[in-house]
Amino acid sequence: MHTSRTSDRDRAVAPAGRFGRGAAEETRPLPDAPPLRRLIGPSVILIGVGIASGEYILYPYIASRAGLVFLWAALVGIVVQYFINMEIERYTLATGETAIGGFQRLWKPWGAVLAVGALLATMWPGWATAAATVTTFAFGGGNPNAIAIVGLLVIGAALTASPVVYQTVERLEIIKVAAVLFFVVVAIFAAISAKAYRDTSHVVTSFGTFPKEIDLAILAGALAAAGAGGANNLVQSNWIRDKGFGMGRYVPRIVSPITGEEEAAPTGDRFAFPVEEPDLSRWRVWWRRANVEQFISFVCIGTVAIVVFSLVAYSTVFRNPDLPDSSGFDFISLESDVLKADVGSWFGTLFLAVGAISLFAAALGIVDYVARLVADVIYVGYTRHSRRWTESRLYFTVVWCEIAFGCAILLLGFDQPLVLLTISTVLGGGLMVIYTCLLLITNRRYLPREIQLGGYRRLVLVAAVLLLGTITVIVAIDQLGQLF
């Protein structure tokens, strides 16, 4: 039986007004931060979902065509996202409310804008189809659409059967990251050529350049997808809340309608802790450990994964005479064949297995985070006081709508149109620009001076807006020119 996490401390409801229209705020002590090892999880999920299109496909594809000259973008993208992610965490650590809940305090439709953007960018089951395609490479054939449909149904069943959904997602993504790290360790010693290691100097000498061999939209997508990207980062709020970070300790978790038990909802819209010692001392511990957890799990693992997978692609298929001209997945099949010949059949098979697992786990994570985001928007904005439409029920409704739509698309035999993929790429960068701007406002307006966003972190977010905004506009103009 799951007991409420909202009933173990004395509470007080503060007057509305300071934290947005109609806000009712509960003041409670900030819980003590547990040891760092017990905080590992949310950033692993984030990078677990992220190690997919960017790490396994986009950057290796670029390396196969243009070499290592664009790896600088991966480093820039991951560092920028680190600072964005920590501001998303800051708001939820301090309030127990997700960042998107804060955005809706500024202007209620912001939630709908971001939710619709997330749905449009992920509505086509590309990650499930990619996992199925790599699976057919491993088994020498098969119907990718049929495999993808089975995969989507398994995802729905796994999430629905989970008493506490976050715990299931965390465990699955940790298994995926462990498999990727095992491959990375072996690849460093067995699959990367000496020339590839020497040529990593190109990362520095080509900094800021965009290789002409690759379409600009793919390059922009790779920069935005380094680590996570799009609306994925935004749901870090929901994951740390379900993990119990900071004031999220008082917020009910999403539980299964079949195997879980709903937790009591709090009386207020969000929480605050007294801005005085010893709560400020506990805040400093939380902030330091949350930064370390994000740096180790997201920055370090994400950077290593992108670099190693790119070096493997560079060592095996760069300037390979058999490299296909198409921009599809054929280069992955060729990469596997070369690894089987140069390292061993087992390693080529491991490469495909890790790819299939990574992409399948990414598909699960994407279904989870889109459902969390949409459910959060609807619950905070429209159904907070409804007994029927709790956040958990909204979440599972969205999960199965996503799966039903994905299965319908696959049953009809549709592939992802190039135009839609381009729109999704531009949209993902555009979403990041929007919510980074909103973070700059909410993390000053709605947080006490002692813990609000400031200093060099504020400058980094402004730079992130300028970088992502410029790239998004350039790509949009380029693609519109090609269409018309």
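A: Helices (H or I, at least four residues) and strands (E, at least two) are DSSP runs, numbered from the N terminus. Gly381, for one, is found in helix α16 (residues 345-383). This is a predicted model, in which local features need pLDDT of at least 70 and side-chain atom pairs count only at pLDDT 80 or more, while totals for chains, interfaces and linings use all residues. Residues are numbered from 1 along each chain as its sequence is written, and side-chain values use heavy atoms, with hydrogens and water left out.

Q: How many helices and strands does the protein have?
A: The protein has 19 helices and three strands.

Q: Why is Gly381 called buried?
A: Buried means under 20% relative accessible area, exposed means over 50%, and partly exposed lies in between (1.4 Å probe, protein chains only). Gly381 has a relative accessible area of 16%, so Gly381 is buried. Of the 484 residues of the protein, 58% count as buried.

Q: What is Gly381 in contact with, leaving aside its neighbours within four places in sequence?
A: Contact means heavy atoms within 4.5 Å. With those neighbours left aside, Gly381 is in contact with Gln104 and Lys108. Gly381 and Lys108 are 273 residues apart in sequence, and their C-alpha atoms are 6.9 Å apart in space. Among contacts in the protein between residues at least 6 apart in sequence, 83% join residues at least 24 apart.

Q: Why does Leu427 count as partly exposed?
A: Leu427 counts as partly exposed because its relative accessibility is 23%. Leu427 lies in helix α18 (residues 418-445). Not counting residues up to four places away in sequence, Leu427 touches Gly117, Leu120 and Ala121. Leu427 and Gly117 are 310 residues apart along the chain, with C-alpha atoms separated by 6.9 Å.

Q: How do you know that the span of helix α7 agrees with what it should be?
A: The expected span of a helix is 1.5 Å times one less than its number of residues. Helix α7 (residues 126-139) has 14 residues and should span 20 Å at 1.5 Å a residue; its end C-alpha atoms are 20 Å apart, so the two agree. Residues of α7 that are buried include Gly126, Ala128 and Val134. Just after α7, Gly140 takes a positive phi of about 75°.

Q: What span does helix α17 reach, and what is expected?
A: Helix α17 (residues 391-411) has 21 residues and reaches 30 Å from its first C-alpha to its last, close to the 30 Å expected at 1.5 Å a residue. Just after α17, Gly413 takes a positive phi of about 80°.

Q: What makes the pair Glu391 and Arg241 a salt bridge?
A: A salt bridge is a side-chain nitrogen of Lys or Arg within 4 Å of a carboxyl oxygen of Asp or Glu. The side chains of Glu391 and Arg241 meet at 2.9 Å, N to O, in a salt bridge. Glu391 lies in helix α17 and Arg241 in helix α13 (residues 236-243), so the pair ties together parts that are 150 residues apart in sequence. Glu391 counts as buried because its relative accessibility is 11%. Arg241, at 5% relative accessibility, therefore counts as buried.

Q: How many salt bridges does the count come to by this rule?
A: The count comes to 12 salt bridges.

Q: What is the distance between the closest N and O atoms in the salt bridge of Asp32 with Arg282?
A: In the salt bridge of Asp32 with Arg282, the closest N and O atoms are 3.8 Å apart. Asp32 lies in the loop between β2 (25-27) and α1 (36-39) and Arg282 in helix α14 (residues 279-317), so the pair ties together parts that are 250 residues apart in sequence. Asp32, Asp279 and Arg282 are linked in a network of salt bridges.

Q: Is Asp32 buried or exposed?
A: Asp32 is exposed because its relative accessible area is 56%. Arg282, at 19% relative accessibility, counts as buried.

Q: How far away is the nearest side chain of opposite charge from Glu335?
A: Lys and Arg count as positive and Asp and Glu as negative; His and the chain ends are not counted. For Glu335, the nearest side chain of opposite charge is Arg65, 11 Å away. Glu335 is buried yet has no salt bridge. The place of Glu335 is in helix α15 (residues 330-342).
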